[in-house]
Amino acid sequence: MIWGLGVGYVISGMYFGWNLGLPEGGPYGMLVATIAVTIFYIAFVLGYAELSCAMPRAGGAFVYATRAFGPHLGFVGGVAQLVEYVLAPPAIAFAIGSYVNQALPGLPVLGVAVAAYLIFTLVNIRGVKLSASFELVLTIVAVIELCVFGAIVLPHFSWAKFSADPLPHGWGGAFAALPFAIWFYLAIEGIANVAEEARAPQRDLPRGFLSAMATLVVLTAIALFGAVGADGWKSVVYSAPGVTSDSPLPLAISHVVSRDSPYFLALTGIGLVGLVASFHGILIAASRAILEFGRARYAPAILGEIHPTHGTPVAALVANMIVGLIVLVTGRTDEIILIAVFGALTLYILSTVALIKLRLAEPELARPYRTPFYPATPIVALALAGTCLAAMIWNHPKLAAIYAALLLATWLLFVRLVSAEQRALRLT
């Protein structure tokens with residue numbers, strides 16, 4: 001189930017979004033960016049698994065940063081985590097609505113997105129075992145579908161087509177493509193947020209992290225090489241001249257089989273499962289991150305309570321849904337998900353530095369799992385995370401400013417409203 005959660009959090013990134021990096025970097029630049037991001041996530045996951053085993057708490061990065069640096073940077077890490085987990089689902093919900101609307105034009109995109117929030121919040125409220133079991137089924141179906149996609153398109157892979165217009169903006173385009181390559185792995189760290197509900201977290205979390213990461217590396221290769229190698233990168237970016245598409249895999253397979261083929265219909269139909277898997281999975285991680293903020297009294301205390309009957313953070317789930325619905329109404333989901341990426345990169349950097357700090361400051365801390373090749377592993381992760389953050393700031397300065405203002409505003413509220421005594425209590 002932990003494997004299913006880890007892959008499920010991420011798998012929608014295989015189905016849409018990453019292809020928009022191709023106009024920036026071309027296939028060669030996107031390939032370089034994807035390799036760099038893959039190395040980064042492998043290094044990061046190896047270190048993050050150590051933190052999750054040493055401190056198996058639902059707060060994830062919030063807990064680790066607080067333990068390493070104190071309440072102020074811990075709060076920043078917690079806000080960054082909330083930005084990622086709370087703001088990413090609205091974009092996925094909107095994609096679910098768009099996907100359903102294509103098949104059933106009578107159903108409004110926003111209405112379907114709202115229904116998705118209501119349905120999957122209810123599933124999460126009913127119990128974590130039900131949620132994780134449902135996520136496992138969705139993930140398995142989505143993984144099988146990507147394997148079927150690979151089996152159909154990879155025999156038709158052409159290096160000549162893959163290499164057509166390989167660097168439209170030169171090698172510098174690889175730098176601009178980095179934010180889109182992140183979509184292949186974004187949110188895998190959410191595994192740590194179910195640490196309290198794992199039966200044996202010190203044993204199962206590392207296994208879940210590493211098996212999920214291995215699966216995602218294989219699926220990333222299938223998606224990138226299979227889609228672009230079928231008929232070139234432009235055919236999986238533009239559905240019409242000048243119109244970008246959120247459906248690169250159906251576009252790719254349409255160049256191999258007829259649109260009337262059962263394979264094409266199956267891919268486009270089951271592709272919705274990948275979106276639902278990520279949406280449902282990130283709702284689980286988001287509610288646990290909100291739960292820890294409520295426990296620390298950095299948010300209303302009710303958000304830190306577990307429902308006595310269901311054993312789930314009902315108030316946190318409902319609060320997450322309300323914020324998501326408000327974001328949906330704005331209609332700016334493309335920009336919202338980019339802000340979520342800023343939150344993720346902040347989380348990655350703070351967590352990696354926390355790993356190093358805690359190794360130095362608390363060598364006696366029980367670590368059932370230890371990062372291999374330390375300290376090289378976190379150093380590589382930190383360098384690549386910094387590079388990705390620089391690429392995000394360079395390409396999206398306005399959104400970077402909005403994100404920085406959000407962090408500053410919430411920190412000022414924290415300083416003003418949370419007493420020094422309460423912060424000290426959180427450290428214990």
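Residues are numbered from 1 along each chain as its sequence is written. In this predicted model, local features need pLDDT of at least 70 and side-chain atom pairs count only at pLDDT 80 or more, while totals for chains, interfaces and linings use all residues; side-chain values use heavy atoms, with hydrogens and water left out.

Three cavities of 30 Å³ or more are found in the structure. Here a cavity is a set of points on a 1 Å grid over the protein atoms alone where a 1.4 Å probe fits but cannot get out, and its lining residues have an atom within 4 Å of a point. Grid points are joined across faces, edges and corners, and the volume is the space filled by probe spheres set on the points.

Among the residues that line it are Phe44, Tyr48, Leu51, Thr352, Leu355 and Pro378. Two or more lining residues come from each of helix 3 (22-54), helix 14 (333-361) and helix 15 (376-395), and helix 3 gives the most, with five.

Turning to the packing, the largest nonpolar core has 145 residues, with Tyr9, Ile11 and Tyr41 making the most contacts inside it. Helix 5 supplies the largest share of this core, 17 residues. Such a core is a set of buried Ala, Val, Leu, Ile, Met, Phe, Trp, Tyr and Cys residues joined through side-chain atoms within 4.5 Å. Leaving aside residues up to four places away in sequence, Tyr41 touches (heavy atoms within 4.5 Å) Ile182, Tyr185, Leu186, Ile188, Met213 and Tyr348.

As for the cysteines, the structure contains zero disulfides, a disulfide being a pair of cysteine sulfur atoms within 2.5 Å. Cys53 counts as buried because its relative accessibility is 1%, and Cys388 counts as buried at 3%; buried means under 20% relative accessible area (1.4 Å probe, protein chains only).

Note on methods. 1 Å grid on protein atoms, 1.4 Å probe; cavity = no way out; pocket = protein on both sides within 12 Å on 5 of 7 lines; lining within 4 Å. Helix = DSSP H or I, 4+ residues; strand = E, 2+ residues; numbered from the N terminus. Buried < 20%, exposed > 50% of the residue type's maximum accessible area, 1.4 Å probe, protein only.
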